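Open the model in your viewer and keep the selection panel at hand. Each stop below says what to pick and what is there.

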Amino acid sequence: MSVDNDEHLYRLPQLCAGAKISRGTLLGWVKREDNIIFADLDQKETSGRGGAIIFSRRQAIQTGLVAEGQRLGMPVALAAKVAAGFAYVGQTEVGLFPGFVPGELLKGARRTYLVHFEGSETASVLAGLSELELFAAAGEQGVSALNAFHVINVNAVVQRMDEALEANVGPHSHDVGGAA
């Protein structure tokens, strides 16, 4: 998908369909004071039903990662921190993956995993799940590699979100799947 990650093109039903969450859940995340999803409530469509909030692809990916983290058992506030870390923060010129761009998959046909160890407030971006990579990630997060951990397959989340976004682009998109 060749879209500017920060261009606001997508509507709430598209994000709900891709993340497999309800409209009420996403609206709750957007409106919470602790910023589960970083949505600019001033970014609204001028045509249509009262100016629907529109989202960027980066926000869509963040939404998908929060939903996946929550499905894996992470509290929503922690899943939000982990997702925001992937979507908006990252070492771009140093670390294991020089050139990593926040919110994007690792380059070079690598798998992209987001790994969070119990007891940490952050997650690590990994290209594999070898014992060495997991030990390095635990060290990066300042916790023991013996702690339980969550693994989010970012490629799968991005693919699901992109499919939902591509299926419903435009001002006449509709709420797929009914209640989404």
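Three strands form an open sheet in the order 4-3-5, and the pairing is antiparallel. Strands here are DSSP runs of E, at least two residues long, and helices are runs of H or I with at least four residues, both numbered from the N terminus. Two strands count as paired if DSSP finds at least two bridges between them. Strand 4 and strand 5 are at the edges with a single partner strand each, so one side of each has no neighbour in the sheet. On average, neighbouring strands are turned by 25 degrees against each other, direction ignored.

A word on the model before moving on. It is predicted: local features need pLDDT of at least 70, side-chain atom pairs count only at pLDDT 80 or more, while totals for chains, interfaces and linings use all residues. Residues are numbered from 1 along each chain as its sequence is written, and side-chain values use heavy atoms, leaving out hydrogens and water.

Now select strand 3 and strand 4. They run antiparallel and are joined by three bridges. Pick V115: its bridge partner in strand 4 is S124.

Contact means heavy atoms within 4.5 Å. Angles run from 0 to 180 degrees between N-to-C directions, with axes fitted to C-alpha atoms, for helices over the stretch in contact.

Which of its residues are buried? Select L134, A137, A138 and Q141. Buried means under 20% relative accessible area, exposed over 50%, and partly exposed in between (1.4 Å probe, protein chains only). These four lie on the same side of helix 5, because they cover an arc of only 100 degrees around the axis. The arc is taken from the directions that run from the helix axis to the C-beta atoms. Turn to the face away from the buried side: the exposed residues L132, G139 and E140 are there.

The largest nonpolar core has 37 residues; L15, L26, W29, L65, V66, F86 and L114 have the most contacts inside it. Helix 1 (12–19), helix 2 (23–31), helix 3 (57–71), helix 4 (76–88) and helix 6 (154–167) each supply at least two of its residues. Helix 4 gives the most, with seven. A nonpolar core is a set of buried Ala, Val, Leu, Ile, Met, Phe, Trp, Tyr and Cys residues joined through side-chain atoms within 4.5 Å.

Zoom in on L65. Beyond its neighbours within four places in sequence, L65 contacts A83, F86, L114, I152, V154 and V157. Another core lies apart, with eight residues, including V115, F117, L126 and A137.

Finish with charges. How many salt bridges does the whole structure hold? A search finds seven. Each is a side-chain nitrogen of Lys or Arg within 4 Å of a carboxyl oxygen of Asp or Glu. Select E68. Its salt bridge with R71 spans 3.2 Å, N to O. Both residues lie in helix 3, three residues apart. R71 is partly exposed, at 42% relative accessibility. E68 also forms a salt bridge with R160, at 3.3 Å between the closest N and O atoms. That pair links helix 3 to helix 6, 92 residues apart. Shared partners join E68, R71 and R160 into one network.
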